[in-house]
Amino acid sequence: MSIGSMILRRSVQLPLVLGAVFLVTFSLMWLVPGNPMESEGRRPPPEIAALFERSYAMEDPVSFGMQYLDRASGVAWLAGRHDRPFDLGPSLRHADWTVNEIIAAGLPVSMALGALAMVFALAIGLGAGIVAGLRPGSLGDAVGQGVSVIGISLPGFVVGSVLSAIFCAWLQWFPVATWDGWSSAVLPALALSLPFAAAIARLVRYGMLEDMRSDHVRTAMAKGRSRTGAAVHHALKNALLPVLSYLGPATAAAMTGSFVVEKVFAVPGIGRHFVEGVLGKDVTLVMGIVLCYSSLLVLLNLAVDLLYRVVDPRIEAG
Amino acid sequence: MVLAAIAALGALWLSRTDPQPRADIRFVSAEVFTLDPQRMSWQQDLRVARALYEPLLTRDAVTGLPKAGLAQSWVCSDDGRTWTFSLRPNAAWSDGSAVSANDVRYAWMRALLPDLATDFAGIQLRIEGAEAFLRWRAQALAAHAESPGDPHDLWSRTRDAFDRLVAVRSPDDHTLVVTLVQPVPYWLDLMTFPTTSPVQERQAERFRRIDPASGAVRWETAWTKPGALVTNGPYQLEAWHYKRSMRMVASPTWWNHASMRNRSIELVPIADPGTAVLAFGTGSVDWICDVAVDWRSDMADQRRAWDARVEPTARRLEVDGLEGDDLIAALPAPGPGERRDLVVIPAFGTEFWQFNCRPTLPDGSANPFAIAGVRRAFARCVDRAAIVDRVTRLGEPTTTTLVPRGAIPGYESPAGLSMDLERARAELSAAGWSDRNGDGVPEDARGTPFPSVTLLYSVSVDRYKFIALALRDMWRTALGVDVQLVGKDTKFFKDDLKQGKFMIARGNWYGDYADPLTFLELLETGNGNNDRGYSNPAYDALLHEAASTRDPAQRLAILSHAEALLMDHDLPVLPLCQLTAVYMVDPASLAGVSHQPMLEDEFWRMHQRTEAERAALSTLGREAAR
């Protein structure tokens, strides 16, 4: 299949995937008890609450969902029923913000954090993986393995709290609980990167170990290539393939925000907005973020598949 | 990797904000829901509203009493129903234009729109004709939804209806005349509430939209953003980034601008309690409005340790005339294991557990707590002191009444039921439950054992679970009844409460105005917040009688009688302790945070102490210590 038809097929898939995701999430959100308009103890009389729900067209989930999808997808705009495309509506809980505003403010933050985390994850993961793959059983390997086990198993709020206690409170190298510029992004990105770095390190290590024993690498060494040269020029290239396929979903996961890391470091990212939206039954906000997230995921997967073909032309995109 | 680095750079650039010098005062609070004063309901919104807006009256952060705000004077008619407020001639909006009485009328009309479903419409509903207007609008909207007409015509008819029906008039730009349905003795207190703040009609009308299908009005979200929002309080909005920061700067157009002690304040919505404390420790923030870390009880212990050590010095300084934050700042600095930056403030609110008073439970079985005697028996078993000393460990003032004792001048609180295990068992057997077969569990006359009691609480914080565990032990030991804990997520908890699906549940209530009624109306038959399903015609009659009593002292006496009925006999709620605000603020650095139970702050009075000021105060303290 050509690259063109692959892109075409994916762009047909996109609305179907989004539709399915919307349906499932929307039904789940609707079934959750609670009322987004609920406030601190005081309740408006029931007839007023009913009137308010009607003004948001909330009394009927089907028509609410259809109207939402109509405006969110841009169909209403194309048909001239609405004045702007991709209108995700007002947040039900944070009445002073539209969902579009919230995503526009939160997404770049989460993406910056996620992208930086992926830089760290690749640097740490590749470094540790190559060292370990070159010298299995060495001290470097043991340290790398140990760190990656910790990276995978330690929850983000522990790593985050420890990092900020050491570097913000004690050493005062980084500001605490702010978000402006590089200095405030380093620690949360590091905390976010650790599980990804650990996974990458393990993928690279096993890939290299496997490949170092394969015929083509042994042939290269027999022809006089040094062990390191053979590893870098032959084994590493193959070992990177699984990393590449891991990078798609990992980047999407990192970029769409981590609730825990964002909360611990007070980062105003989309991950926090999403979880807090679910907890507050903010239907419009949650649906908006879900739609945005699924589109990103589909697009990133497409990007990885394209990259794959560049790295290994034998692979037929499916 | 290069790609990711480029992406990171780009996204960082996208997410930047304009760099600003540090605000004079940075405080941590939950994110504000809305800056539309009429729609506010949450504590954090109301706190910010007091910085941005100025209602007719404001509450003094030191004395806790209402004082002149937007209105400079007022008179009340002899029948107590008509209030005439004179607005300050120099009251101005942040855009420089004058605040007119009409802006107040416009805001109050908004409060009464059923479209907005404001939580505190009850304040304006005390005005003559307000209820008729609300009903008129609700019916008009319903009719519009049936057969949609011209929505703009509906809106202008609504404006006319307000002018025609509601007794709020403005004979001139600086006079507001309000006629109430019946005298409201605490009307001036209500006038300090931020939801009564004026809204500049000219600016608000620019952002008003009408939904053609429902006919309902809505204000565009752009209205409450910097540059668009026009306010009349000490500050104006400079920047607001969602869940990131809200910055307010001193408004040069505020009439009392010259008295302001700081130039800018910033709300930092740090969600993680531990991170907030860390930020306070590094000096990045000056005040945490709600310290929610697990170890705050330990910090409270450290504060008590310091209090105990400096107490003799404090007495001497008090004689010298020092008080409040200055006194704290003058005292010797905390040593190891001590601290002075945690403040536990008893608030105008009560924490309680509530009994379901309906005759049957949702599963159809008979409800043992429908009998007042059973409720009294359970209340008599509770050792409140043990709970605040050993379970919550914040030393909250315990209480046996719903209305905080001593909070309202001239109001006499009833005694309430204190712990008495003998009487508890007597009450229970008088209600028909006693241990008839010697197994330690009370049975009724037919030999059926007392049903298993469930305690419903929310699991948002550990506090309620720990209190529930303590109550379970007290009731098991004293009465021999089986008690089960049911912890639920806040949403499920609130749903269960509303539907009466509980036997005993946790609860709390903050008073909105300085009058017992703000608590007592909770137990009125049919009140929207009466989760207990409690209904006693005698109680309702007392509230009704109080409402029609003109003499303030006599009225308070009737209300006191009503509360005695609740707290000494019927006990639909079991009061535990006063609610508290746990602040983190160092009075030696930041002065002027209010310690009044109403927790209503005047930001403009707060200031960071200078080195010289701190040195002078600690010299005073050293002299007193000698």
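Trainee: How do E14(B) and strand E18 of chain B pair, and over how many bridges?
Mentor: Bearing in mind that this is a predicted model, E14(B) and strand E18 (residues 573–585) of chain B pair in the antiparallel sense over 10 bridges, and within that pairing B:Thr350 stands opposite B:Gln578 in E18(B).

Trainee: Which strand is joined to E14(B) by 7 bridges?
Mentor: That is strand E17 (residues 504–510) of chain B, which also runs antiparallel to E14(B), and there B:Gln354 stands opposite B:Ala505.

Trainee: And how many residues of strand E14 of chain B are buried?
Mentor: Strand E14 covers residues 342–355 of chain B and is mostly covered, with 12 of its 14 residues buried.

Trainee: What's the strand order of the open sheet in chain B?
Mentor: The order is E10-E11-E12-E1-E13-E18-E14-E17-E15-E16, which makes an open sheet of 10 strands with mixed pairing. Strand E10 (235–241) and strand E16 (483–488) of chain B each have a single partner strand and stand at the edges, so one side of each is left without a neighbour in the sheet.

Trainee: Let's take the E10 end, then: are E10(B) and strand E11 parallel or antiparallel?
Mentor: E10(B) and strand E11 (residues 245–250) of chain B are antiparallel, with 6 bridges between them, and B:Tyr235 stands opposite B:Ala250 in E11(B). The two strands form a hairpin with 3 residues between them, where B:Lys243 takes a positive phi near 50°.

Trainee: Where does the parallel part come in, say for strand E1 and strand E12 of chain B?
Mentor: Strand E1 (residues 25–28) and strand E12 (residues 264–268) of chain B run parallel and are joined by 4 bridges, and in E12(B) the residue that partners B:Val28 is B:Val268.

Trainee: Stepping back, how many helices and strands does chain B have?
Mentor: Chain B has 20 helices and 20 strands. Its radius of gyration is 27 Å, close to the 25 Å that the globule rule gives for 626 residues, so chain B is as compact as a globular protein of that length. Along its principal axes the C-alpha trace of chain B spans about 80 × 75 × 70 Å, and 47% of the 626 residues count as buried.

Trainee: What share of the contacts in chain B comes from residues 24 or more positions apart?
Mentor: Among contacts in chain B with a separation of 6 or more, residues 24 or more positions apart account for 68%.

Trainee: Changing topic, how is chain B divided into domains?
Mentor: Chain B is divided into domain 1, which takes in 31–59 and 66–219, and domain 2, which takes in 348–580. Their C-alpha centres lie 36 Å apart, and 8 residues of domain 1 are in contact with 9 residues of domain 2. On the side of domain 1 that touches domain 2, the residues divide into 5 nonpolar, 2 polar and 1 charged.

Trainee: What about B:Pro212, is that buried or exposed?
Mentor: B:Pro212 is exposed, because there are 12 other C-beta atoms within 10 Å, and an exposed residue is one with 12 or fewer. B:Pro212 sits in the loop between strand E8 (208–210) and strand E9 (217–219) of chain B. If neighbours within four places in sequence are left aside, B:Pro212 is in contact with B:Pro148 and B:Pro151, and B:Pro151 is 61 residues away in sequence but 5.9 Å away in space, C-alpha to C-alpha.

Trainee: How many residues of chain A are in contact with chain B?
Mentor: The contact involves 57 residues of chain A and 54 residues of chain B. The largest share of the side of chain A that touches chain B comes from H5(A), with 12 residues, and the residues of that side divide into 34 nonpolar, 10 polar and 13 charged.

Trainee: Last one: which residues touch the most other members of the largest nonpolar core?
Mentor: In that core of 250 residues they are A:Ala112, A:Leu116, A:Ala117, B:Trp287, B:Ile288, B:Trp475 and B:Tyr583, and H5(A) gives the most to the core, with 23 residues. Domain 1 and domain 2 of chain B both give residues to this core, so it lies between them. There is also a second, separate core of 13 residues, which includes B:Val310, B:Leu322, B:Ile328 and B:Ala329.

How values were computed: Residues numbered from 1 in each chain as written. Chains lettered and ligands numbered in written order. Predicted model: local features only at pLDDT ≥ 70, side-chain atom pairs only at ≥ 80, totals over all residues. Pairing = 2+ DSSP bridges. Buried ≥ 20, exposed ≤ 12 C-beta atoms within 10 Å, placed from the backbone. Domains from an automatic or database assignment. Contact = placed C-beta atoms within 7 Å. Nonpolar A, V, L, I, M, F, W, Y, C, P; charged D, E, K, R; others polar. Rg over C-alpha atoms; globule rule 2.2 N^0.38 Å. Core = buried A, V, L, I, M, F, W, Y, C linked by C-beta atoms within 7 Å.
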